[in-house]
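Welcome, and please have your viewer ready. We will go from stop to stop, with something to select at each one.

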Amino acid sequence: QVQLRESGGGSVQTGGSLRLSCTFLNYRYSRSCMGWFRQGSGQEREWVASLNTGSRSTYYVDSVKGRFTVSQDKAENTLYLQMNVLKPEDTAMYSCAATETLWSPDLCAGEFVPTYWGQGIQVTVSS
């Protein structure tokens, strides 16, 4: 059974940094799309970032470009989201997500449709 487990969330002041980690258990897809979504209180879920594990291409929603970086450590089966210059509007529940085998790079050229989800982790940015 595939499991995704996030860690690294918490509270930080405006301008601070956090790094989220997502550990993959029993995940065997070498070419796939992985990424992060977030949902603020009373808001719809929003795609944040994605990574094509085959081409290593990365994509970001405009609001986080230049501040967030998604990366993967294949040896550790872990996906990261480095978040810098955090703003109060970044406050949300962050979830990692991934597809099964990616058959077309077009399916990971921005927002994508995951098969697997983590349980989510809270990030709170205070002003």
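Predicted model: local features only at pLDDT ≥ 70, side-chain atom pairs only at ≥ 80, totals over all residues.

**Stop one: aromatic rings**

There are 6 aromatic pairs in this structure, where rings of Phe, Tyr and Trp (its six-membered ring) pair if their centres lie within 6.5 Å, with planes under 30 degrees apart called stacked, over 60 edge-to-face and the rest tilted. Residues are numbered from 1 along each chain as its sequence is written, and side-chain values use heavy atoms, with hydrogens and water left out.

Select Tyr27 and Tyr116. Their ring centres are 6.2 Å apart and their planes meet at 85°, so this pair is edge-to-face. Tyr27 sits in the loop between S3 and S4, and Tyr116 in strand S10, so the pair ties together parts 89 residues apart in sequence. Strands (E, at least two residues) and helices (H or I, at least four) are DSSP runs, numbered from the N terminus. Are these two tyrosines buried or exposed? Both Tyr27 and Tyr116 are buried, meaning under 20% relative accessible area, as against over 50% for exposed and partly exposed in between (1.4 Å probe, protein chains only).

**Stop two: strand S9 and its partners**

From Tyr116, step across to Ala98, which stands opposite that tyrosine of S10. You are now in S9, residues 92–98, where 6 of the 7 residues are buried. S9 and S10 (residues 116–117) run antiparallel and are joined by 2 bridges; two strands pair if DSSP finds at least two bridges between them.

Next, show S11 (residues 121–126), joined to S9 by 3 bridges, again antiparallel. Here Met93 stands opposite Gln122. Then show S4 (residues 33–39), which runs antiparallel to S9 with 6 bridges between them. Phe37 faces Ser95 across this pairing.

**Stop three: the core**

Select Trp36, Leu81, Met83 and Tyr94. Of the 36 residues in the largest nonpolar core, these touch the most other members. Such a core is a set of buried Ala, Val, Leu, Ile, Met, Phe, Trp, Tyr and Cys residues joined through side-chain atoms within 4.5 Å. Which strand gives the most to this core? S9 does, with 5 residues.

**Stop four: the open sheet**

Colour S1, S3, S8 and S7: in that order they form an open sheet of 4 strands with antiparallel pairing. S1 (3–7) and S7 stand at the edges with a single partner strand each, so one side of each has no neighbour in the sheet. The twist averages 15° from one strand to the next, with axes fitted as lines to C-alpha atoms and angles running from 0 to 180 degrees between N-to-C directions. Inside the sheet, 6 bridges pair S3 with S8, and Cys22 stands opposite Leu79 in S8.

**Last stop: Asp62**

Finish in the loop between S6 (58–60) and S7, where you will find Asp62. With 61% relative accessibility, Asp62 counts as exposed. Show Lys65 too: a polar contact of 3.0 Å joins the two side chains.

Methods:
Polar contact = N/O pair within 3.5 Å; in protein donor to acceptor, adjacent residues only side chain to side chain.
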